[in-house]
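Trainee: I have a structure open and want to learn how to read its features. Where do I begin?

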Amino acid sequence: MIEFRYDTQLLIEGENLDEDAINDYFTDHFKGDCLLAVGDEDLVKIHFHTNEPWKVLEYCASLGEIHDIVIEDMDRQARGLKG
């Protein structure tokens, strides 16, 4: 059984982005695992496993323009279905 169902990935494009602050916000406000927040002040890549991907999208959109969004259902994939 998968604890955090949705593999959520996206790019945030903006100004003065701080990957450490983004990482800390995720840790403090979202339940999930496998967090990756890397980049620079103009572009940050997010990878996160969660049950509430819409919260991740809402937060990231507040930081800048989000794009290249991928949300995959790992539970469906584990059952051999299209994720």
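Mentor: Begin with burial. Buried means under 20% relative accessible area, exposed means over 50%, and partly exposed lies in between. Take D75: at 25% relative accessibility, D75 counts as partly exposed. Keep in mind that this is a predicted model.

Trainee: Which residue does D75 pair with in a salt bridge?

Mentor: General idea first. Side chains of opposite charge can pair when their charged atoms come close. Here D75 pairs with R79, and their closest N and O atoms are 3.3 Å apart. Salt bridges with shared partners join R5, D73, D75 and R79 into one network.

Trainee: How many salt bridges does the whole structure hold?

Mentor: Four, from a search of the whole structure. One of them joins the side chains of R5 and D73, at 2.8 Å from N to O. This pair links distant parts of the chain. R5 sits in the segment before β1 (6–13), D73 in strand β4, and they are 68 residues apart.

Trainee: Are R5 and D73 buried, exposed or partly exposed?

Mentor: Use the cut-offs again. R5 has 29% relative accessibility, so R5 counts as partly exposed. D73 has a relative accessible area of 7%, so D73 is buried.

Trainee: What is the N to O distance between K55 and E52?

Mentor: The side chains of K55 and E52 meet in a salt bridge at 3.3 Å, N to O. K55 is partly exposed, with a relative accessible area of 35%. E52 is partly exposed too, at 29% relative accessibility.

Trainee: On to the rings. How many aromatic pairs are there?

Mentor: The angle between the ring planes gives a pair its label: over 60 degrees counts as edge-to-face, under 30 as stacked, and the rest as tilted. A search of the whole structure finds seven aromatic pairs. F26 and F30 make an edge-to-face pair, 5.0 Å centre to centre with 75 degrees between the planes. F26 and F30 are both buried.

Trainee: Why is the pair of F30 and F48 called tilted?

Mentor: Their planes stand at 50 degrees, so the pair is tilted. The ring centres are 6.5 Å apart. Now place the two residues. F30 lies in the loop between α1 (19–29) and β2 (32–39), while F48 lies in strand β3 (residues 43–50). The pair therefore ties together parts that are 18 residues apart in sequence.

Trainee: Are F30 and F48 buried or exposed?

Mentor: Buried. F30 has a relative accessible area of 14%. F48 has 3% relative accessibility. Then widen the view: ring pairs link Y25, F26, F30, F48 and Y59 into a cluster.

Trainee: What about the backbone? Which phi value does N16 have?

Mentor: N16 has a positive phi of about 55 degrees, although N16 is not a glycine. It sits in the loop between β1 and α1. At 66% relative accessibility, N16 is exposed. C34 also deserves a look. Its phi is positive, about 60 degrees, and C34 is not a glycine. C34 lies in strand β2. With a relative accessible area of 46%, C34 is partly exposed.

Trainee: Last topic: separation. How far apart are W54 and F4 in space?

Mentor: W54 and F4 are 50 residues apart in sequence and 14 Å apart from C-alpha to C-alpha. W54 is in helix α2 (residues 53–63). It is exposed, at 53% relative accessible area. A78 is in helix α3 (residues 74–78). At 62% relative accessibility, A78 counts as exposed.

Note on methods
Residues numbered from 1 in each chain as written. Predicted model: local features only at pLDDT ≥ 70, side-chain atom pairs only at ≥ 80, totals over all residues. Heavy atoms only, no water. Phe/Tyr/Trp six-rings, centres within 6.5 Å; stacked < 30°, edge-to-face > 60°. Buried < 20%, exposed > 50% of the residue type's maximum accessible area, 1.4 Å probe, protein only. Helix = DSSP H or I, 4+ residues; strand = E, 2+ residues; numbered from the N terminus.
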